[in-house]
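Colleague: I would like to learn how to read salt bridges, sheets and cores in a model. Please take me through them one by one.

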Amino acid sequence: MKKRTVYILMSTIVALSVAFFAVVYFFNLESDIKPIVAKVDPSAEPVFANALYGEFNQPLNKPMDVTKIGEFIYVSDTNNKQVQVFDQSGTSVFKFGTEGTGEGQFKFPYGIAGDKDGNVYVADLYNANISIFNDKGKFLKYFNDEEKVLKSPGGLRISDQKLYVTDIKANKIFVFDLNGKKLMEIGGAGADEGKFIAPNAVTVDLDKNIYVTDSGNNRVQIFDKNGKFIRIINGSKDGKGDPTFLNPRGVAVDSKGNVYVVNNLAHNINAFDKDGKELFDLGGMGTENGKLYLPNGLFIDDRDTLFVTDTVNQRISVYY
Amino acid sequence: MSKVRLGLSTVFMLILLGMFSAVAFAEDGVPPTSTNPAPGIHVGDVDNFGNKSTHKTHGNFQNNTNSCANCHSTHNGENEYLLMKDGEYDLCMSCHDGTMGFYDVTKSSGAGTFDDSHLSSSMHNVDSNLKIGSAPGAFKNASTAVLECSSCHNPHGSPNDRLLNETVAGKTFATSLVNGTETAAPIGTKTIALELTEDPAYAEINALTGTGGFKVYKSNGPKGTVTYNGVNDKIYYSQFCGACHDDYFAKRNAGTTANPKSGKPSTGTPITETHTHDTYTHTTNSSSQGRSCAACHFAHGTDATTMMDAIGNTVADYTKPVADGGKYGWDQAKAEAYMKDVSAKGSSLKKFTNTAVCFACHGTSIAKGQIDPQFLDGSGRLIGRAKIK
C-alpha cells in the first residue's frame, strides 16, 4: 500500500473518532453519572453524588438532621423515633432508639452530633433532653444540663469540646462544655439583632464564629465566639433587605468559609461566601436525583462533602 | 511533506483544544431555576400602610404579598391548584411539628392532638388517604375527596377562628333561618368563634411588635356566643362537623312521631333517600351545655394522655408526684391503664375517656345519692361537668 493511502486512512479514522466523540460530547449523549472527580475543581459548586435511603422495608421517615462521626453517617430518623447509621456507600449499617420517654428512647430526635471519642449526642425536641450514646448506639447517659435550662432542644453541634444547642421554645442558643456547664447563652424571643424566633440549627466555623438559623425570622445570624452579634444573612444583598429565605433550617460552613443554608419551603440550599454574597443554589423542588422536597438538616464534613436530609423524599442527599 | 504533516496535526490539535476548552470554560450546566421558586421569592416587611410588619403566612395578605410561593409553584405545580398536593400533610407539618415552637399539632391543645403514639388514640387521619364520604354518620355526604388538613382549615385565611373553612365537603355549612328557610351565611361571615386567649407560654412572642399583630393563642373550643343572624357559634360549630357527619347532626327527638321532621320520619317507614335512620341521637344541634359536638369531641384527635375522667382529671393529674403537690402520685402505667378507652369503637376523638362524659353530666340524677361526695362540686354535680362545653 502506498504511504500516502495509509496516511489518508489513518487520518480518516482519527477524524471519524473525533467526530463521534464530539457528537457524544456536544449533544450530551454521555452517561449522566458525573464522576466524583468533578469535585477536583475546588472553586466549582458541589454536585449531587448519591443518596442514602435506608432499608427498603423501613425507609427513613422524616429525617431531620444528619452528621458524620468517624466514617459513618448518623441520621435522626425522626418519625421512626430512631437514629439510623449508614456507611459511606449508603448501606444502612445499624440503627438504635425506640419510641418513648425513657433511656435510649425518643419522641422527636432532632439535632445530632458526635464528640471526638465518637459518642453520639441526640437532642429530643419533645422529651426536652439530649441523650448520649456510644458509637455503636448503646445509651450511656443524658447530657448533664446542670442548670436545667433546656426546654426544647433542636439543632445541635459539637465543636472544640463545646456543645452548641438551639432551644426552639426558649428562642435561645446555649453553649455548654461537655460536662454540662453552661458557658454562654444568646437570644430570647424577638426580631431584633441577637434575638430569635424558633432557632432550628446552629454551626461553628473554623474561626469559632457561631451561625444560628433563626427560622421564624427567616434569617441566619452570625455571632463571634463571645456571642457578639456580627451580621445577618437573609439572602438580600447585605442582609439588611427583605429576606429571601422561607423557613430556613440547617446551616453549615465549608472549609473555605462559604455558608450553606437549607431553605426548607423553597426546597433548596443557598450558598453564600463569607461576606454573605449569594453564590449559587443547590436542589430545587422535585423527587429526582439532586432535587429536594422540604429539606431540613445539613452537615458538611472535613472534606467539604454536603449531607442534607430530604424529608419528603425520605433520603439523605450527598453532594461532593 | 513532513513539514505539511506537522502543520496538519498542529491545526488538528488546535481545533480539538478549541472545541473542548470552549465547553470547559462555558457556564457549567447549572440546573434551571424555573423549577426552583426560591430566587424570585421575597418575603416583604412593609405592610399596606407603609408600616414595618412581617407578611403573614396564612391569610391577611398584603397587597405586596409574596406568601403565595410558600406553597404554590407557578409553573411546576403537582395539581391544578399549582400546589404540592401530594405533600400537603408534610407541607403543613414542616412547621406544625413543633419546630416553630408554637402551634405544634402533636401536642395536646384545644383541638386535641395528632399524636398517635399513645394508648387509646383516635383522630381525623389526615395523612391516610381517607375518603371524606367514609365519615361515621355520613348519609348525605358522599364526597370522594381525600381528608386533608385543608378539608377543615383554609390556609389562605378565613373569617372563622383558627382558619376554619367556610365550605366543608363542597358546601357552605353555616346556615340559619331567613324568612323561615335555612339559608347559607354569605361567604366572608364569621360564624365560628372560639374561646381564644393569649397563650401565656408564649408571652415573650406575644409582646413583640413588628410582627403584624401576630399572637399565639390557645383555644378552649367554641365560645358560645351569637355570631351571625342570632345563632350561637356552638351551633355553627356543630354544623361544621355535620357537613360530613350529617346524620349525627340532629336533635334527640328528631325522629319521633311527636316531633316529625323531614328526613327523620318516625319508626316503621321504609328507608328512602331522605330517610336516615330510625334511631335516636344525643342532641348535637343546641347551644346548651353538653349538646353540641364540641361538648364531647375534639376536632383533631385524642389519646389516653389527653382525655379526662368524670371529675375532670387527666393522666397528668394522676401522675403528679405527691411531693410536688399531687393528690395521687400514680405511676404513668397505672394512670394510663386507668384512662384507657375500652369502647368497642375506639376513643372516637372524645374529650372524656370511655363514657365518662355521660356520667359527668347525668351521673348525679341517675345514681342518686350513690356518688362519693368527694367527687361532687358545690352544686352537687360531678366535678368534671364544669369542663363540658
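Predicted model: local features only at pLDDT ≥ 70, side-chain atom pairs only at ≥ 80, totals over all residues.

Colleague: Which parts does the salt bridge of A:Lys68 and A:Asp301 tie together?

Modeller: Their side chains meet at 2.7 Å, N to O. A:Lys68 lies in strand 2 (residues 63–69) of chain A and A:Asp301 in the loop between strand 24 and strand 25 of chain A, so the pair links parts 233 residues apart in sequence. Helices (H or I, at least four residues) and strands (E, at least two) are DSSP runs, numbered from the N terminus.

Colleague: Are A:Lys68 and A:Asp301 buried or exposed?

Modeller: Both are buried. Buried means under 20% relative accessible area, exposed over 50%, partly exposed in between (1.4 Å probe, protein chains only).

Colleague: What about chain B?

Modeller: B:Lys389 forms a salt bridge with B:Glu195, with the closest N and O atoms 2.5 Å apart. B:Lys389 is buried at 13% relative accessible area, whereas B:Glu195 is partly exposed at 31%.

Colleague: Now sheets. What is the strand order of the open sheet of four strands in chain A?

Modeller: Strands of a sheet pair through backbone hydrogen bonds, either parallel or antiparallel. Here the order is 1-26-25-24, with antiparallel pairing. Strand 1 (48–52) and strand 24 (295–300) of chain A are the edges, each pairing on one side only. Two strands pair if DSSP finds at least two bridges between them. Strand 24 and strand 25 (residues 306–310) of chain A have four bridges. A:Ile300 stands opposite A:Leu306 in strand 25 of chain A.

Colleague: Which residues touch the most other members of the largest nonpolar core?

Modeller: A nonpolar core is a set of buried Ala, Val, Leu, Ile, Met, Phe, Trp, Tyr and Cys residues joined through side-chain atoms within 4.5 Å. The largest has 25 residues, and B:Val126, B:Val168, B:Phe173, B:Ile192 and B:Phe240 touch the most other members. Helix 4 of chain B gives the most to this core, with four residues.

Definitions and conventions: Residues numbered from 1 in each chain as written. Chains lettered and ligands numbered in written order. Heavy atoms only, no water. Salt bridge = Lys/Arg side-chain N within 4 Å of Asp/Glu carboxyl O.
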